[in-house]
Amino acid sequence: MESRKFITVVLTTTMASFIVAYTSVVPALALPSIAKAFNLNNFMQNWVINAFLFSVAIFAVPTGNLAGKWGLKKSFLLGNIIFLIGAVITSFAFSPMSLILFRAFQGVGAALIYNTVMNIVAVAIPEENRGKAIGIVVAGVNLGLVLAPTLGGILTYNLGWESIFLFTVPFLLLIIPITYLLISEEWKIGENDKFDVRGGILWMITIFLLIYGFTSINHIDGIVMLISGIFLLVLWNYLELRVKNPVYDVKVFEDKRFKYANLSSFLIYIGSYFVTYVLSYHLQYILGWNSEMAGLLLMVTPIIQIVISPYMGRLSDKANPLKIASLGIILIVFSLVTLDLLIRLPDSLVIIVLSMIFLGVGMGVYTSPNTNVIMSSVKPEDTPTASVSVTIIRVIGQSTSSSLLIIIFTMIMGSVEIIPKYYALLSLSIHWTCIIGTILCIFALFASLIGYKYSLNMKNP
């Protein structure tokens, strides 16, 4: 019975983790085809990416709190059903706005899946097998990230951009009935605790104003929205500290290791997430590669990251993880500096591959140790909050990175279709994106080193 339960829980959560990770990355290779199909300018093109992440960021905190109250199984099922509907309707999008709205709808399902997968594994699998189960689920995430560029390129080239979303449907049609029929238990967390409605709604409004305002910062209304979002974020933090059962316990940030590890993670995601997209643009627009060829090359970074991450995770249990994470950031900075050379040597495959290798090694060295710091620097009862923090920081960082891409491209190119006469401006946009990304990653290094210094002080009071 226990072995069947292990297989069922791990199978469903791993497949769900795989498809969410895959869906978050796969549009990168299909963007030129999608832009051609809908006549999208560069601003709208980037919103195809951002709408999904934007939605996950907005709904991550309230759904993370509500999922336990509703029941983890029920919430996991609901997330997969929403994700399934989103996949189907996105593939049948009939206009640019419908495409973006359908992607945002799918992001709601992704938020529910993100917030239930690890919790289900934690409560359903006995402690002696829990590490093994988590390892398999994480492997599903990494597999989704690795296969997304290649599958996205192959599917788009041979079957059209719609197929990248329809690819997830068979997995979802397996996950939903298996979960409903074969997982008999339901798990509820904080069922009797009052839900912080005010905190949840205020979070959603705040994140909307921050991210949308940031993408429109070159307009006066964008500046107003961004300032309003910053004000509301301060207000939200103030109110959450005074609520008995907050939607998110911000007190965990009192630990400086936790604070600076999250800050460095946030800056790293902003400063590096765009790389896959700018490389896709460079390969397909400037070099004229098809999506299949570009997808195969873009496998380099995630494969290296998958190979290195487990070793770094184990090493971070023996050495100071913040020291290891800082080394990873230095390698990420090297990758962005290398990538910036493309504006001067646009035809050099060596530069592209070197940049991807540096990024893969850097992210592999950085991610596991930094996550270890975040999860181990809180009390056992606060680990669910820390887990939500990992998701929120990653998603908001990725969304902000996509927004940064929109801002830079719009300011340099304007709202235009990416056609040959604008390729010089496209290269200039990539150049400035790399410069800003490098600066942000250097700030991330400072944050990591501050956290490292604090961890030494804790060991040697």
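Here is a chat about a pocket, a surface patch and a few residues.

Tutor: First, this is a predicted model, so local features need pLDDT of at least 70 and side-chain atom pairs count only at pLDDT 80 or more, while totals for chains, interfaces and linings use all residues. Residues are numbered from 1 along each chain as its sequence is written, and side-chain values use heavy atoms, with hydrogens and water left out.

Student: OK! How much space lies in the second largest pocket?
Tutor: About 740 Å³. A pocket here is an open set of points on a 1 Å grid over the protein atoms alone, where a 1.4 Å probe fits, with protein on both sides within 12 Å along at least five of seven lines. The volume is the space filled by probe spheres set on the points, which are joined across faces, edges and corners.

Student: Which residues lie nearest its centre?
Tutor: Trp 203, Leu 233, Phe 266, Ile 393 and Ile 396, out of 24 lining residues. Lining residues have an atom within 4 Å of a point.

Student: And which helices supply at least two residues of that lining?
Tutor: Helices H9 (197-215), H10 (220-240), H11 (256-272) and H17 (383-413) each do. Helices are DSSP runs (H or I, at least four residues), numbered from the N terminus.

Student: New topic: which residues form a nonpolar patch on the surface?
Tutor: Ile 217, Ile 220, Ile 223, Val 224 and Ile 227, with about 440 Å² of accessible area together. Patch residues have over 30% relative accessible area and no salt bridge, and nonpolar side chains are joined within 5 Å. The areas come from the Shrake-Rupley method with a 1.4 Å probe.

Student: Is Asp 255 buried or exposed?
Tutor: Asp 255 is buried, with a relative accessible area of 18%.

Student: And how far is Ile 329 from Asp 255?
Tutor: They are 22 Å apart, C-alpha to C-alpha, and 74 residues apart in sequence. Ile 329 lies in helix H15 (residues 321-340) and is buried, at 0% relative accessibility.

Methods:
Patches are made of residues with over 30% relative accessible area and no salt bridge: like charges are joined within 9 Å, nonpolar side chains (Val, Leu, Ile, Met, Phe, Trp, Tyr) within 5 Å. A salt bridge is a side-chain nitrogen of Lys or Arg within 4 Å of a carboxyl oxygen of Asp or Glu. Buried means under 20% relative accessible area, exposed over 50%, partly exposed in between (1.4 Å probe, protein chains only).
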